[in-house]
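I opened a new page for this structure. These are my notes on what I looked up, in the order I looked.

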Amino acid sequence: MEKFKRGGKEMRMLVTQDCNYNCVMCHGEGLQEEKEATLSPDDFAFIFRVGKERLGMDTTTLTGGEPLFRKDIVEIAKNLHEEGAKITLTTNGRLLTRRMEVGKYLDRINVSVHTMNEEKYEDLVQVKNSFHSAMHNLRAFRQAYPEVSIVLNTTCIRGFNSEPDDFKSLVEFAKSIRASIKLIELFPPDRTDVVSLEEVTTILTALGFVPTETELRKRKLSDGQTTVSLTRIFCAEAVNSGDPAAFCNQQNDVFISPDGFAKPCRSDSMEVDLNSALRSRNEDEMERLIKHAFAETGRRCVYDRNNLSEMEAPETLTEKYGERAYVLEKLEAYRGVDAEEDVMRLDVVQFVKDHENCFDRSLSTGHVTGSALVVDPGFNQTLLTHHMKLDRWFQFGGHSDGDWNTLRVAMREALEESGLKSLRPYSGNIFSIDVHPIPERGDEPEHKHYDVRFLLIGDPREPSTTSSESKELRWVNLDDAARLNPSDAMRRMVEKAKRLK
Ligand code: SF4
C-alpha cells in the first residue's frame with residue numbers, strides 16, 4: 001500500500017473538459033476526444049472510497065478543463081472530503097469567488113499563473129479582462145481560507161516569462177497571498193523556447209533563493225519566506241529517469257475521466273471502463289479495475305522503444321480480433337478533424353474488422369499502411385521526402401508487411417527513409433487517417449491503402465540520409481509542406497501540427 005499513501009500515487013479526477021480559458025499550451029490532461037461529464041458527485045466519492053479503503057490512497061486532485069466550471073463542484077469536493085480525501089484543486093482562479101464555498105473542503109489549490117504581465121497573461125489565455133479578476137479572486141480566496149495552501153503553477157517559456165523581472169514580480173505576488181510557486185520546464189527539452197531548470201536556478205539564486213531540496217521531483221529553493229519548486233511535466237521526468245516505463249509504473253497517477261474511464265497514460269488512448277462497477281456499486285470489481293489501470297501505467301510508454309513490441313489492446317477486443325485489436329482500439333478512440341476524415345476512419349475500422357490479413361500486402365483489395373509526419377520539436381517544420389517513382393513530396397510511410405503494430409510500422413519506415421536516429425513518437429495516438437486508391441501496376445490490381453498516420457518528433461540538426469526510394473529529403477516550414485503537397489490529407493496534418501505549437 002505504501003506507494004498509494006500521501007505523496008505517492010493517486011487517482012486524479014478529471015471532472016470536466018470545459019474551460020472558460022483557451023490557453024495556447026493547454027494539453028487537456030491528455031484527453032484527445034470530447035467526453036461527456038456523466039459522473040455524479042456520488043460516483044467520484046465511490047471511486048475514491050474504494051481507492052482509499054482497498055489501496056490506502058488518501059489524496060486526490062480535482063482537475064479539468066476548469067473544475068470550477070462544474071456547477072456541482074462544491075458537492076463533489078464535499079463528498080470526497082467526507083470520504084477522508086485530502087483534496088487539491090487545479091484551477092485558473094477566474095471562477096474561484098463564484099464557487100467560494102469549495103474552499104471549505106480543500107487542502108490546496110494549484111493555480112496557473114504564467115505571468116504577472118496583464119497583456120501577456122490575456123494573450124496566453126485568450127480571454128480579455130481576465131487577469132485582474134483572477135488575481136482579485138486569489139486574494140479573496142486567501143482571506144477567506146488562510147489555512148489552504150496556494151501554489152502558483154508557472155510554465156517557463158523563453159521570450160515570454162524568462163527574464164529576472166518576470167520571476168521577481170511572480171515572487172512578489174506569491175508573497176502577498178502567502179503562496180508557493182511551482183516552475184515547470186517545457187517539454188521536450190530540445191524546443192527552442194525551453195528555459196532549463198538549471199537556468200531558472202541561476203536566476204533565482206541571483207534573487208536571493210537558496211536550494212533546500214535537490215532530489216529528483218522534489219527540487220526546491222527558498223528565500224526564507226517563499227518556496228519555489230522546480231519541476232518537469234511527468235513524462236519529461238520519466239524520460240530523464242532513463243527508464244520511462246518503469247518510472248511511470250512506479251510513480252504515475254491514473255486519471256479518471258468525466259465519463260467514468262480510468263486512463264493510465266497521458267499519451268495513449270487506452271482506458272479502463274469503470275462504468276459497470278460504478279453502476280452496480282461493486283467494490284470488489286472497482287478495486288480490480290483500479291488495480292488494473294495502475295498496472296497499465298508505463299506499459300505503453302511511447303518514450304520506451306522496447307515497449308512498442310509489447311503493447312497490448314484491451315482483453316475484449318483482443319478476444320475477438322486478435323492482433324488487429326491494437327490498431328482497432330486506437331481507431332475507435334480517434335476522431336477525424338472533419339466529416340471526410342471521420343468517414344475514412346470508419347472505413348478503416350470496417351476494413352480491419354472484415355479482414356484478418358489486413359496488414360498483408362498480398363491482400364489484393366487493399367491493406368493497412370503506416371505513415372509518419374516528422375516535425376521538429378517546436379512544430380515549425382516537417383521533413384518531407386521527394387518520392388523517386390511518384391515524383392511528389394510526401395511524409396514517410398509504407399507497407400505493414402504483416403506487422404499489426406502500425407505505430408511501429410510508421411517508426412520503422414521513417415527511420416529507414418530519413419536515417420534520423422533522434423525520431424520518437426509525439427504520442428501513441430493516431431495523428432491522421434487517409435484512405436486513397438493505388439493505381440494498377442504490373443501484377444498488382446488497383447487497390448486501396450488504409451493509411452494510419454502518427455506524429456513523430458525529429459531533430460533538424462541531425463543529418464538525414466536519403467533511401468533508395470527518395471530523390472531528396474528536405475526540412476520545410478509547415479505551410480510550405482502544404483504547398484509542396486497540396487492534398488487534403490497533407491493540409492489536415494499541417495493544420496493539426498500547427499495547432500500543437
Ligand atoms: S507511459 Fe505515458 S504517462 Fe507514462 S511516461 Fe510514458 S508517455 Fe508519460
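This is a predicted model: local features need pLDDT of at least 70, side-chain atom pairs count only at pLDDT 80 or more; totals for chains, interfaces and linings use all residues.

Entry 1, the ligand. I counted the shell: 15 residues surround the ligand, and the closest are Cys235, Ala238, Cys248, Cys265 and Cys301. I took a residue as near when its C-beta atom, placed from the backbone, lies within 6 Å of the molecule. Helix H7 (234–240) and helix H8 (244–251) are the elements that give two or more residues to this shell. H7 gives the most, with three residues. Helices are DSSP runs of H or I with at least four residues, strands are runs of E with at least two, and both are numbered from the N terminus. Sorted by class, the shell around the ligand has nine nonpolar, three polar and three charged residues. For the classes I counted Ala, Val, Leu, Ile, Met, Phe, Trp, Tyr, Cys and Pro as nonpolar, Asp, Glu, Lys and Arg as charged, and the others, Gly among them, as polar.

Residues are numbered from 1 along each chain as its sequence is written.

The assignment, which is automatic or from a database, gives domain 1 (2–296) and domain 2 (328–498). Taken over C-alpha atoms, their centres are 35 Å apart. Ten residues of domain 1 and eleven residues of domain 2 make the contact; two residues are in contact if their C-beta atoms, placed from the backbone, lie within 7 Å. On the side of domain 1 that touches domain 2, I found two nonpolar, four polar and four charged residues.

In H2 (residues 73–82), I listed Ile73, Ile76, Ala77, Asn79 and Leu80 as buried. They lie on the same side of H2 because they cover an arc of only 165° around the axis, taken from the directions from the helix axis to the C-beta atoms. Helix H1 (41–55), strand S2 (59–63) and strand S3 (86–91) are among what covers these buried residues. After H2 comes Gly84, with a positive phi near 95°.

Is Val194 buried or partly exposed? Val194 is partly exposed, because it has 19 C-beta neighbours inside 10 Å; buried needs 20 or more, exposed means 12 or fewer, and partly exposed is in between, with C-beta atoms placed from the backbone. Val194 sits in the loop between strand S6 (180–185) and helix H6 (197–206). Leaving out residues up to four places away in sequence, Val194 touches Arg158, Glu185, Leu186 and Pro189.
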